[in-house]
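Visitor: I would like to learn how to read a model like this one. Please take me through it feature by feature.

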Amino acid sequence: MNVKKLLIEPLRKTNPVTVLVLGICSCLAVTAKLKPALVMGASVTVVTAFSNLIISLLRKGIPSRIRIIVQLVVVATLVILIDQFLKAFAYDVSKQLSVYVGLIITNCIIMGRLEAFALSHGPIESFLDGLGNGLGYSLVLVIVAFFRELLGSGTLLGYQVIPLSFYEAGYQNNGLMILPPMALIIIGIVMWINNSKTESK
Amino acid sequence: MFNNLRGFFDKLKPTFSEGGKLAWLGSTFEAFETFAFTPNRVTKQGCHVRDAVDLKRAMITVVIALIPAMLFGMWNIGYQHYIASPETVNCHFFWYCLWFGFLRMLPLLAVSYIVGLTIEFAFAQIRHHQVNEGFLVTGFLIPMIVPVTTPLWQLAIATAFAVIIGKEVFGGTGMNFLNPALVARAFLFFSYPTRMSGDSVWIAADLWGTDAITSATPLAELAAGLQPSASALDMFIGTIPGSTCETSVIAILLGAILLLISGIASWRIMLSVILGGGLMGLLFNAIGANAYMQLPFYYHYLMGGFLFGAVFMATDPVTAAQTNVGKWIYGLLIGIFAVMLRVINPAYPEGMMLSILLMNCFAPLIDHCVVAHNIKRRQKRAIVKSKNSAR
């Protein structure tokens, strides 16, 4: 079992967002600010890791004809747990994320990993694979949110980063950064850079 | 003189060719050489058209067609400034206006060309392509369609965005599906809305800086539910506030004549955009639910960037529809959407930019449908013929 490979590869070489192009929808929705993006990334990572683990443990007992339903039950349970957890301990972020926490259940990355990996691998490997893919997703989310919040609002995690003297000198926040189209363009640029680097190797 | 220039290029050529010291700058050299002289390479295989007009010559014609609008725009910048603060005039009125406008336009033009060409040349070197000439026109157009008080750094970012995201990612000149100049304007419009619309961007308050004197364009007045304060004649001549070079119908028509005579722009697109806008205007006249709808339809041609868009933007050969029927559909829809956006959506006083960009996206689909329909029709004819001959 190659721990490093399972954890590191999904960050760059087989990144679920930039290479497999999965989970784009939530990338557009939750990346206007850094904080919701971090929470969203963590939530998805937890769900992918644990749903991979549970399905992998059950994989020999699941009849293949109803496996999707079983997977959905597991994922939905985890998502509801996360949702309740956020509502209890991070209420304001959970309000910002609104339906997108619930929509983790429809995130293609999770079902993709369950189908492609957890059903055919052991529990520990599956757990690491889920963790790696969740982190790969989070990484893209954080990069996109970093640029969108910095250039769109001049803040990072809610703190003013661009000095006020800049604004007095005529600097303005970029309104397009707050709008979803720019998230798509930034993801495109991240893909561009990532692909051109991995291709040349 | 031409011989000297030729000799100069010939002397430099080995340095930039394969194996030379500066071979990595080869495409830069190539760009300047073909800018001055028609390339002497010819296609070796297949059939090809021999014509003196290559892409660079076509682009230059468009730039020449833009010059009346540019000159009038410069004069109008000064004139609007004079109306707002007449005490500053210190020499002959006409020359004062032109000089003031020239000094305001120059930095905008310089920023647009420097940023855009730097990126174009950089991409050409990295990809070992020839430098494409598309930016000659784009770089001229970008400063013409923004308010005169646009801060230079914003213009620089918008130009960079337009060239990289609007053009280079798709493969450079000829591969882009959106008009790069309009991408730059759309970027400014959505990124910095306070600097691109509203009442305090159209007239420069002084020679330097980005301060403005409050004034409303006719479109803004109409969107706010008022009647335009400028007369139709003023709008025809162009002595109204607006984006730098879009105001004068006369200057734009001069450019349009050149483009039509030289055959560089499609008359089908120009005519159909104007027809589409007129039809929509007449339809609104017929409905007449509010004051804006009752506005005579020809006002839409006079206000804002409608004609500028119809003549110089919609006819961009790369982003427009390619088939003749497709051109009619494409142009009609641009005109219809532009007037519809103006009248129905008060959030966007000027609908021309958005409607051209929208139809740019649909142009390939229109072409596809036209071609598919053609094939189907001919196939039907062929089948009928073969049946007849079988009998």
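Visitor: Which residues of H12(B) are buried?

Guide: First, the ground rules. This is a predicted model, where local features need pLDDT of at least 70, side-chain atom pairs count only at pLDDT 80 or more, and totals for chains, interfaces and linings use all residues. Residues are numbered from 1 along each chain as its sequence is written, and chains are lettered from A and ligands numbered from 1 in the order in which they are written. A residue is buried if 20 or more other C-beta atoms lie within 10 Å of its own, exposed if 12 or fewer, and partly exposed in between, with C-beta atoms placed from the backbone. In H12(B), the buried residues are B:Ile269, B:Met270, B:Ser272, B:Val273, B:Ile274, B:Gly276, B:Gly277, B:Met280, B:Gly281 and B:Phe284.

Visitor: What do the buried residues of H12(B) pack against?

Guide: Helices (H or I, at least four residues) and strands (E, at least two) are DSSP runs, numbered from the N terminus. The buried residues of H12(B) pack against H11 (249-262), H13 (291-294), H14 (299-302), H15 (306-313) and H16 (324-344) of chain B.

Visitor: Why does the span of helix H12 of chain B agree with expectation?

Guide: The expected span is 1.5 Å times one less than the number of residues. H12 (residues 267-287) of chain B has 21 residues and should span 30 Å; its end C-alpha atoms are 30 Å apart, so the two agree. Just after H12(B), B:Gly288 takes a positive phi of about 60°.

Visitor: Which residues other than glycine have a positive phi?

Guide: Most residues other than glycine have a negative phi. Among the exceptions here is A:Val21, with phi near 55°. A:Val21 sits in the loop between H1 (3-8) and H2 (24-29) of chain A. Another is A:Leu157, at about 55°. A:Leu157 lies in the loop between strands S1 (155-156) and S2 (159-160) of chain A.

Visitor: Is A:Val21 buried or exposed?

Guide: A:Val21 is exposed, because 12 other C-beta atoms lie within 10 Å. A:Leu157 is exposed too, with 12 other C-beta atoms within 10 Å. Compare B:Leu71, in helix H3 (residues 55-84) of chain B. B:Leu71 is partly exposed, because 17 other C-beta atoms lie within 10 Å.

Visitor: At what angle do H4 and H5 of chain B pack?

Guide: Axes are lines fitted to C-alpha atoms, for helices over the stretch in contact, and angles run from 0 to 180 degrees between N-to-C directions. H4 (residues 93-127) and H5 (residues 135-144) of chain B pack at about 145°, with their axes 8 Å apart. By class, their contact has eight nonpolar, four polar and one charged residues. Here Ala, Val, Leu, Ile, Met, Phe, Trp, Tyr, Cys and Pro count as nonpolar, Asp, Glu, Lys and Arg as charged, and the others, Gly among them, as polar.

Visitor: How many residues of chain B are in contact with chain A?

Guide: Two residues are in contact if their C-beta atoms, placed from the backbone, lie within 7 Å. Eight residues of chain B are in contact with seven of chain A. On the chain B side, the largest share, three residues, comes from helix H7 (residues 180-191). That side divides into six nonpolar, two polar and no charged residues.

Visitor: How many residues of H7(B) are buried?

Guide: H7(B) is mostly covered, with 11 of its 12 residues buried. The buried residues include B:Arg185 and B:Phe187.
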